[in-house]
Amino acid sequence: KKQKNSVRNGLRLIAYQLFFTGVPEYAAINETVEAIKKLLGKKVAGFVNAVSKRLLNFDYKKEVSSIKDELERISTLYSFETWMVRRWKTFYGSELEELLESLNKVAPLFLRVNRIKISPEKFFNLLISSGIEAKFHPLFKDLVRIKGRVVIEDIPGYKEGFFYIQDPASFLSAYLLEPREGELILDVGAAPGGKTTAISSLTMDRARVIAVDVSRERMELLKRNIEKLGIRNVEPIITDIRKDRKFLEKFRNYFDKILIDAPCSGTGVIRRHPEGKWNKSISLIKHNQRIQRDLLRVCYELLKPNGILVYSTCSLEREEGEENFAFSLEIGFKELIPYNLPKELIERVEHSYFRVFPHKDNMDGFFYCKLQKKGD
């Protein structure tokens with residue numbers, strides 16, 4: 001504790017490399033010791049070197065295994081807060097450690113083909129001919145996985161808008177909606193545009209999409225994205241539809257379909273945002289649930305009778321998923337079985353909702369439900 005931050009961080013860096021990477025021991029230690037020597041001199045570097053040598057024979061798993069409380073032991077081993085692990089143990093039982101391990105891994109890189117400009121087959125062939133190792137997603141032909149390290153800007157079609165970087169779980173929200181040409185579609189929480197542009201791609205830009213979001217800054221990203229991808233039939237509107245009475249009166253019973261990508265705790269995307277391990281709380285989850293339910297209420301009024309709504313969140317929490325599904329039935333929605341799902345996923349549907357997980361599906365953790373407004 002008496003050491004400078006740079007010394008502690010140097011030791012952390014060495015420990016990480018020794019325990020979790022394939023960096024050779026001599027390189028992990030020597031490179032950092034030399035850096036400390038330049039910063040703080042030989043004496044401090046000698047201290048770092050001495051502690052590092054002790055780390056060579058240190059079995060951190062054995063040390064962790066001595067923790068008596070099971071959930072504290074698991075939370076320490078995978079670096080998650082104990083309250084979070086305790087909840088997920090209740091939710092996911094024997095799958096808990098698989099889930100935690102998957103959230104600690106680097107997410108794969110998927111590109112969604114922009115069908116407005118190029119077909120999936122032509123884009124795939126373009127990648128292969130450019131020497132990029134690629135593979136179609138096993139369930140969705142619109143998605144191509146890129147293997148190895150690549151510079152995004154160097155991928156063929158980057159400047160032309162041939163693709164959009166998107167996880168399969170995010171794309172699945174738009175896919176589940178089954179957008180059709182000529183439909184009037186509302187995308188709620190649309191920015192920065194992943195699902196909006198997916199809807200446009202699936203309909204060849206022949207559906208009218210109104211994209212709403214509360215963030216002016218993020219909406220600027222959406223505008224740039226739709227311009228780059230050559231999309232014309234999207235109307236971006238900056239508003240909070242929970243409070244905008246003019247929007248409600250203008251579009252009441254108006255939309256054929258609505259996609260709610262609700263603001264949520266984001267616990268399903270921790271592998272992309274590891275800081276999410278430490279900035280969540282029960283109060284945040286409850287706060288999000290109130291917003292999500294307000295959105296469901298308003299969107300019920302905005303849908304046409306017999307209109308279809310897809311609700312999705314990148315959350316692992318029941319309050320933001322299953323509990324909101326039950327709430328949607330209370331306010332008048334009825335279940336709609338998502339028959340357009342691949343058989344590998346439709347087997348998982350319970351009522352009209354289901355989840356995907358990084359450890360099961362190599363996707364971000366998402367909840368989905370498909371609902372229909374009762375007719376007159």
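The legends below describe an overview and several close-up views of one predicted protein model.

Because the model is predicted, local features need pLDDT of at least 70 and side-chain atom pairs count only at pLDDT 80 or more, while totals for chains, interfaces and linings use all residues. Residues are numbered from 1 along each chain as its sequence is written, and side-chain values use heavy atoms, with hydrogens and water left out.

**Figure 1. Overview of the protein, with 16 helices and twelve strands.**
Helices (H or I, at least four residues) and strands (E, at least two) are DSSP runs, numbered from the N terminus. Along the principal axes, the C-alpha atoms fill a box of roughly 80 × 50 × 40 Å. Of the 376 residues, 50% are buried; buried means under 20% relative accessible area, exposed over 50%, and partly exposed in between, with a 1.4 Å probe and protein chains only. The accessible surface comes to about 18900 Å², and 50% of this area belongs to carbon and sulfur atoms. Areas come from the Shrake-Rupley method with a 1.4 Å probe, and for residues only the protein chains shown count as cover. Among contacts (heavy atoms within 4.5 Å) with a separation of 6 or more, 72% are between residues 24 or more positions apart. The 64 positive and 51 negative charges have mean positions 5 Å apart. Lys and Arg count as positive and Asp and Glu as negative, whereas His and the chain ends are not counted; each charge is placed at NZ of Lys, CZ of Arg, CG of Asp or CD of Glu.

**Figure 2. The open sheet of four strands in the order β2-β3-β1-β4.**
Pairing in this sheet is antiparallel; two strands pair if DSSP finds at least two bridges between them. Strands β2 (134-136) and β4 (163-165) form the edges, each pairing on one side only. Neighbouring strands are turned by 30° against each other on average, direction ignored. Strand β1 (residues 109-113) runs antiparallel to β4 and is joined to it by three bridges. In β4, Y164 is the residue opposite R112. Helix α8 (residues 120-129) lies across β1, β2, β3 (143-146) and β4, and runs at about 160° to β2. Axes are lines fitted to C-alpha atoms, for helices over the stretch in contact, and angles run from 0 to 180 degrees between N-to-C directions.

The buried residues are G194, K195, T196, T197, A198, I199, S200 and S201. T197 has a relative accessibility of 0% and counts as buried. Leaving aside residues up to four places away in sequence, T197 touches R112, Y164, I226, L229 and I231. M204, with a positive phi near 55°, follows the helix.

A cis peptide bond, with omega of about 5°, joins A191 and P192. With 26% relative accessibility, E178 is partly exposed. The relative accessible area of D205 is 11%, which makes D205 buried.

**Figure 3. Strand β12 and its pairing partners β9, β10 and β11.**
Eight of the eight residues of β12 (residues 366-373) are buried, so this strand is largely enclosed by the rest of the structure. In a regular strand, side chains alternate between the two faces of the sheet. Both faces of β12 are covered, with F366, Y368, K370 and Q372 buried on one side and F367, C369, L371 and K373 buried on the other. Strand β9 (residues 303-313) pairs with β12 in the antiparallel sense over six bridges, and L309 stands opposite L371. Antiparallel pairing of β10 (residues 333-335) with β12 involves three bridges, with E335 opposite L371. Strand β11 (residues 353-356) is antiparallel to β12 over four bridges; C369 is the bridge partner of Y353.

**Figure 4. M84 in helix α6.**
Helix α6 spans residues 82-92. M84 is buried, at a relative accessible area of 1%. Not counting residues up to four places away in sequence, M84 touches I270, G276, K277 and K280. The C-alpha atoms of M84 and I308 are separated by 33 Å, with the two residues 224 apart along the chain.
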